[in-house]
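Visitor: I have some questions about this model. Can we go through a few of its helices and residues?

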Amino acid sequence: MDYSIIESENELDSISTKNWVTKSNELIESTYKLSLQEQRILLVMASKVQPKDETLKTYRFRARDFIEIIGNSKKTGFYSYLREIVNGLQTKVLTIKKDGKQRNYSWVITSIYEDNEGYITLQFHPELKGFFLELKDKFTSYQLENVVRLNSVYSIRIYELLKQYERIRKRKLTLMELRTFLGIEPTKYKQYGHFKSKVLLVAQNEINNTTDINFQFNEIKTGRKVTSIEFIINSTSNLIVEELPLEEDEKLDEEQLSLFNELQLQLSNLGVKSDKIDWLIKEFPEEQIRRNIAYVSGRKGIKQKAGYTVKAIQLDYANSIEAEEPKQQLSDPAEEAVHGFIKENVPKRKVKRIEHIPIYMLGQPAIKFFSKYVSEEEAVKIWETRQEEIYEEIIKQSKKKLIIT
């Protein structure tokens with residue numbers, strides 16, 4: 001495979017700490033070990049990747065721009081040191097373990113240092129494309145300024161691991177998992193006290209004072225030994241997003257927003273709270289969310305737009321009878337739960353063949369679905385008393401989707 005690049009002699013890429021870094025969660029939870037400067041260089045490269053890009057491009061930077069962003073501008077011999085870092089990146093390996101297989105990737109395929117001009121040319125390895133581009137779900141975004149000034153490699157990794165769970169607000173990791181994510185060798189910081197003082201407390205101080213999140217942590221013990229850490233994550237950015245005036249929101253560069261942040265902003269402008277936004281994006285397809293955002297935005301006279309938006313996405317008003325007859329929407333949560341579950345289990349389009357799941361296999365999925373609308377106890381009661389009715393209605397509506405040949 002030809003991994004050659006096209007060099008643009010006169011084109012230089014600027015570096016801005018306001019740029020967004022978007023990574024797949026798989027990459028965030030992968031195993032790799034990099035120095036602080038190597039991490040910073042890769043983060044700057046990642047901040048240049050745009051959602052519209054079809055491939056991982058080549059970037060040509062001024063070395064002094066890197067110095068301004070990365071720091072250490074007064075250190076003697078920094079240009080030579082920077083060249084060593086760039087060249088060394090080509091030897092560093094990223095390890096991904098999945099489906100019983102271990103895959104190793106190189107970070108950088110091309111690195112060129114122009115001594116006379118003081119330019120650096122860098123390109124991610126093309127095989128990393130799936131970790132930065134065409135990400136539909138399971139990814140994390142943040143602005144470069146939140147990590148580029150962190151002074152510990154562990155702080156950067158912990159920030160990403162917590163940012164990934166920012167909207168859930170908690171994340172529990174065993175010490176073994178955390179050490180693996182951070183690339184800490186078994187012989188290093190063997191005593192928990194050392195790990196706590198050199199890794200956790202340093203990261204807490206840096207992240208809490210430098211980034212858009214802060215965290216506390218609880219030590220979970222097995223017997224007298226600390227075996228897991230529960231992180232409590234607080235965000236300082238959600239309130240800003242929710243209260244952002246529309247005219248300011250329109251000024252945002254959408255090409256720098258991840259899918260999550262883009263949908264989050266649209267839903268937030270409709271008044272939907274952050275916890276509901278998280279659930280909607282996790283549970284429903286992107287297109288279903290988008291068409292119902294457009295549907296709700298185009299309607300006038302809706303008094304409680306946030307609640308209506310959530311129902312519209314749940315029941316897909318924009319692609320159903322409800323879109324034409326919103327007055328028929330159900331007000332009883334139990335009825336909404338039953339109606340939604342039936343709709344969820346009926347084919348969305350015409351089909352040639354239908355194989356019905358046995359009724360006993362629908363029990364757990366139904367109770368889980370109902371619990372989004374009512375208490376778990378009531379969800380169980382609904383299924384126990386109405387399972388035959390629900391099952392028959394699913395069969396009845398499914399038959400309407402059957403193509404008769």
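This is a predicted model: local features need pLDDT of at least 70, side-chain atom pairs count only at pLDDT 80 or more; totals for chains, interfaces and linings use all residues.

Visitor: Start with the pair. At what angle do helix 16 and helix 18 pack, and how far apart are their axes?

Guide: Helix 16 spans residues 333–344 and helix 18 spans residues 376–399; they pack at an angle of about 40 degrees, with their axes 10 Å apart.

Visitor: Why those two values?

Guide: The angle between the axes and the distance between the axes are how two packed helices are described.

Visitor: What does that make helix 16 and helix 18 to each other?

Guide: Oblique: angles under 35 degrees would count as roughly parallel and 65 to 115 as roughly perpendicular, and the angle here is about 40 degrees, so helix 16 and helix 18 are oblique to each other.

Visitor: Is the crossing left-handed or right-handed?

Guide: Helix 16 makes a right-handed crossing as it passes helix 18.

Visitor: Which residues make the contact?

Guide: Helix 16 contributes A334, E335, V338, F341 and I342. From helix 18 come E378, I382, R386, I390, E393, I394 and Q397.

Visitor: How many of the residues in that contact are nonpolar, polar or charged?

Guide: Seven are nonpolar, one is polar and four are charged.

Visitor: Back to R386. Buried or exposed?

Guide: Its relative accessibility is 17%, so R386 counts as buried; the cut-off for buried is under 20%.

Visitor: What does the R386 side chain make a polar contact with?

Guide: With the side chain of E389, at 2.8 Å. Setting aside residues up to four places away in sequence, R386 touches E335 and V338. Both E335 and V338 belong to the helix 16 side of the contact.

Visitor: New topic, helix 6. How many of its residues are buried?

Guide: Eleven of the eleven, residues 153–163, so helix 6 is largely enclosed by the rest of the structure. Among them are charged residues R157, E160 and K163.

Visitor: What caps the N-terminal end of helix 6?

Guide: S152 does, with a side-chain oxygen 3.1 Å from the backbone nitrogen of Y154.

Visitor: Last one, L201. Where does it lie?

Guide: L201 is in helix 8, residues 192–210. At 36% relative accessibility, L201 counts as partly exposed.

Visitor: What is L201 in contact with, neighbours within four places in sequence aside?

Guide: K196 and F217.

Visitor: And how far is L201 from Q216 in space?

Guide: The C-alpha to C-alpha distance between L201 and Q216 is 9.7 Å, and they are 15 residues apart in sequence.

Conventions:
Residues are numbered from 1 along each chain as its sequence is written. Side-chain values use heavy atoms; hydrogens and water are left out. Axes are lines fitted to C-alpha atoms, for helices over the stretch in contact, and angles run from 0 to 180 degrees between N-to-C directions. Helices (H or I, at least four residues) and strands (E, at least two) are DSSP runs, numbered from the N terminus. Angles under 35 degrees count as roughly parallel, over 145 as roughly antiparallel, 65 to 115 as roughly perpendicular and the rest as oblique. A crossing is left-handed if the near helix is turned anticlockwise from the far one by less than a right angle, and right-handed if clockwise. Contact means heavy atoms within 4.5 Å. Buried means under 20% relative accessible area, exposed over 50%, partly exposed in between (1.4 Å probe, protein chains only). A polar contact is a pair of N or O atoms within 3.5 Å; within protein, one must be able to donate a hydrogen and the other to accept it, and residues adjacent in sequence count only if both atoms are side-chain atoms.
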